[in-house]
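Me: I've got a model open and I'd like to learn how to read it. Can you walk me through a few features?

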Amino acid sequence: MSKNWQRACTTRLYVHPPKSERVYTLWREGKLCFGENENPITDYLAQISSAMWFVDGDGEQLDFRSAEFVMQPDGIPVHGIINRVGHLQVALETFAVAERCSTCYVKLTLINRSDSPVEDRFGFVPRTAQEKKLLFDAPDNYGIYAPKLDDWMDIPASWTQEGSVFRDGERTIKTWGDLNFVLEECSGFAFAEFTLAPGESCEAIFAYNIGEFAFGDYDAEREKVMQFWERELTRVNALPERIAKDPEMVRLIKNLIVHILQCFCYSKGDDYLLSRQ
C-alpha cells in the first residue's frame, strides 16, 4: 500500500485582538470565519458563526495549494494571502480593531499581471452555520487539507443585500471601494464586474461585525491596529541577554507572545476572561 504525503502547511491565521468576544480567522483557501466566544467554549464547533469565501468569476474556489500567506515579521495580526487566477493576482489583507466587540476589516486587491486588458468578474460567498460546517475537518487538520466550496452548497443562502450592505440577521458585512458587488439571492454568491488595463489594479474593502457598528478609513484603522500591537510588544523588555542579542529569537518570541495574547478572550456578555486557541 502506498501513501501520499503532503508537506505540512499553515491552514489558518488568527486575526482578532486580545480580550475580544470575537474569533476571526483567515484561511488558506481565501476564506474568513467570523465567530464569537461563547461559554462553554468546549462546544464552539456547534456555535453559529458566519464566513465569507472569495471565488473567481466562474464561482470556483481559488487554489489553496498555491496561496501564499503574508505576515508581519513580529507576528502582528495584519495578515494577508496572495494568489493567482490566470493573469489576475488576488491579494487579501485583514485585521481587527483592538476592541471587545471588534470589527474585522478585509481588503481585496485585484491586479492585472498580463500585457492585455482583463474583463471579468470576482466574487464572494457569505454563509452562516455551525462552525463545523463552515470549516474543513474542524477542529484540527491532521489529514490531507482539502477544503471544498461544494460542501457549503448545502448551507442555506440566508444573506440579503441593501445597497452596499449585506446582512444575515444582525450579522453585517459593509463594502466600499472600486467594486460593486451584487448578491444573487438564489445561489448566495455576490459578484462584481471589472475591467483592468495591463498593470492596473482595483480594490474593495469589507467590514464585518454584529449589529450596527461604526467603521472608518481602512488605512487609518490599520495604522491604529499596528500601533496597538507595537505598544504591547514594547513590553517585551526583560529577555535574557543572549536572547535579546539574537534578532531571530526576538522575532520568534514576539510571534509567540502575539498568539498567546490572542488566546485570552471575553466570553460573550460576561466579565471574565477565558483562554481559547
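Me: Let's start with one side chain: is Glu36 buried or exposed?

Reply: Before that, a word on the source: this is a predicted model, where local features need pLDDT of at least 70, side-chain atom pairs count only at pLDDT 80 or more, and totals for chains, interfaces and linings use all residues. Residues are numbered from 1 along each chain as its sequence is written, and side-chain values use heavy atoms, leaving out hydrogens and water. Now, buried means under 20% relative accessible area, exposed over 50%, and partly exposed in between (1.4 Å probe, protein chains only). Glu36 comes out at 5%, so it's buried.

Me: Which residue forms a salt bridge with Glu36?

Reply: A salt bridge here is a side-chain nitrogen of Lys or Arg within 4 Å of a carboxyl oxygen of Asp or Glu. Glu36 has one with Lys268, with the closest N and O atoms 3.5 Å apart. Glu36 lies in strand β3 (residues 31-36) and Lys268 in the loop between β16 (264-266) and β17 (273-275), so the pair ties together parts 232 residues apart in sequence. Strands (E, at least two residues) and helices (H or I, at least four) are DSSP runs, numbered from the N terminus. Lys268 is partly exposed, at 40%.

Me: And how far apart are the closest N and O atoms of Arg100 and Asp271?

Reply: They're 3.7 Å apart, in another salt bridge. Arg100 sits in the loop between β7 and β8 and Asp271 in the loop between β16 and β17, 171 residues apart. Arg100 is partly exposed at 25%, while Asp271 is exposed at 71%. Shared partners join Glu21, Arg22, Glu36, Arg100, Arg171, Lys268 and Asp271 into one network. The structure holds 17 salt bridges.

Me: On to the sheet: in what order do its eight strands run?

Reply: In general, strands of a sheet pair through backbone hydrogen bonds, parallel or antiparallel. Two strands count as paired if DSSP finds at least two bridges between them. Here the sheet is open and antiparallel, in the order β5-β6-β7-β8-β15-β12-β11-β10. β5 (68-70) and β10 (160-162) are the edges, each with a single partner, so one side of each has no neighbour in the sheet. Within it, seven bridges join β12 (residues 171-177) to β15 (residues 201-210), and Thr172 stands opposite Asn209 in β15.

Me: Which strands does helix α2 lie across?

Reply: Contact means heavy atoms within 4.5 Å. Angles run from 0 to 180 degrees between N-to-C directions, with axes fitted to C-alpha atoms, for helices over the stretch in contact. Helix α2 (residues 218-233) lies across β7 (88-96), β8 (104-112) and β15, at about 55° to β7.
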